[in-house]
Amino acid sequence: MIATPDLFRTGSCADLKSGVFRRYFPSAALWAKLDLLLMLLEYFQMIDRVEAVDLNAKTLTARSVVPAKSPVFEGHFPGYPLVPGVLLIETMAQACGFLVLAATDFAAMPFLMSVDSAKMRTFVEPEAVLDIEAFLEHDGSGFAVVKAKITSQGKKVCDAQLKLRTMPFDQLPLGPIVKKRAEEVGLMAAIAASAATGE
């Protein structure tokens, strides 16, 4: 779910400074870190930014922008680039994982266990802006059940129910990496905002 920090920077996003990205990410501070804000498909970094978390309702919203170029598109498909469905599933899984982390106060690491009732409803092309929503239905006994969906410009892209296995961080060497990535995508700020508003 989480890529190691040394993979965060890549030249693949250097030429993506087009109007669509400036419209969705107008902040100069964020724009200066463009390489951390675009999906890096080849490194399984699918979530660009956590927009909001509601701890009471146990929901999370996030946004991602598909890069204009990626090695993934060289094979899927030559001359007709499309985001593979498996990476859309991964995008939903990562949003669900961040929600579980927030809901459990980073007590355990979520790992994708199963995908149920997944539906791919349309193609996703380069530069698409994806809005991801996750809804926690159950957490306990070492697993979580989460529903997720992705839309783009108001149109349904895909949806699924995902089950995640959760393992205590004291059994894994991933705590610092996960918290660093959570900070970078804005999860910590979203959690703080939720707590401040009582959500």
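**Close-ups of a predicted model**

View 1. With a relative accessibility of 15%, T166 counts as buried, because the cut-off for buried is under 20%. Keep in mind throughout that this is a predicted model. T166 has its place in strand β6, which covers residues 155-168. Look around T166 and, leaving out residues up to four places away in sequence, you'll find it touching V100, A108, M109, P110, G142 and F143.

**View 2. S70, a buried residue in a loop.** Here we move to the loop between β2 (59-65) and α3 (71-75), where S70 is found. Is S70 buried or exposed? At 7% relative accessibility, S70 counts as buried. Setting aside its neighbours within four places in sequence, S70 is in contact with L41 and E42.

**View 3. The largest nonpolar core.** This core has 50 residues, and L60, L130, V146 and L187 are the ones that touch the most other members. Which helix gives the most to this core? That's α4 (residues 85-103), with 12 residues.

**View 4. Helix α6 and its buried face.** L187 turns up again here, as one of the buried residues of helix α6 (residues 187-197), together with A190, I191 and S194. Seen down the axis of α6, these buried residues fall within an arc of 100°, so they line one face of the helix. What do the buried residues of α6 pack against? Their partners are β1 (49-54), β2, α4 and α5 (175-184). Just after α6 comes G198, which takes a positive phi of about 80°.

View 5. R121 lies in the loop between β3 (108-120) and β4 (129-140), while D159 is in strand β6, so the pair ties together parts that are 38 residues apart in sequence. As for how open R121 is, its relative accessible area is 41%, so R121 is partly exposed.

**View 6. K149 and E133, a salt bridge between strands.** The side chains of K149 and E133 meet in a salt bridge, at 3.9 Å from N to O. K149 belongs to strand β5 (residues 143-152) and E133 to strand β4, so this pair ties together parts that are 16 residues apart in sequence. K149 counts as partly exposed at 34% relative accessibility, and E133 counts as partly exposed at 25%.

View 7. K147 forms a salt bridge with E137, with 3.6 Å between the closest N and O atoms. K147 sits in strand β5 and E137 in strand β4, 10 residues apart, so to speak a link between distant parts of the chain. K147 is partly exposed, at a relative accessible area of 39%, and E137 is partly exposed too, at 45%.

**View 8. A network of salt bridges.** For the last stop, look for K180, R181 and E184, which are linked in a network of salt bridges.

Methods:
Residues numbered from 1 in each chain as written. Predicted model: local features only at pLDDT ≥ 70, side-chain atom pairs only at ≥ 80, totals over all residues. Heavy atoms only, no water. Helix = DSSP H or I, 4+ residues; strand = E, 2+ residues; numbered from the N terminus. Buried < 20%, exposed > 50% of the residue type's maximum accessible area, 1.4 Å probe, protein only. Contact = heavy atoms within 4.5 Å. Core = buried A, V, L, I, M, F, W, Y, C linked by side-chain atoms within 4.5 Å. Salt bridge = Lys/Arg side-chain N within 4 Å of Asp/Glu carboxyl O. Arc of directions from axis to C-beta.
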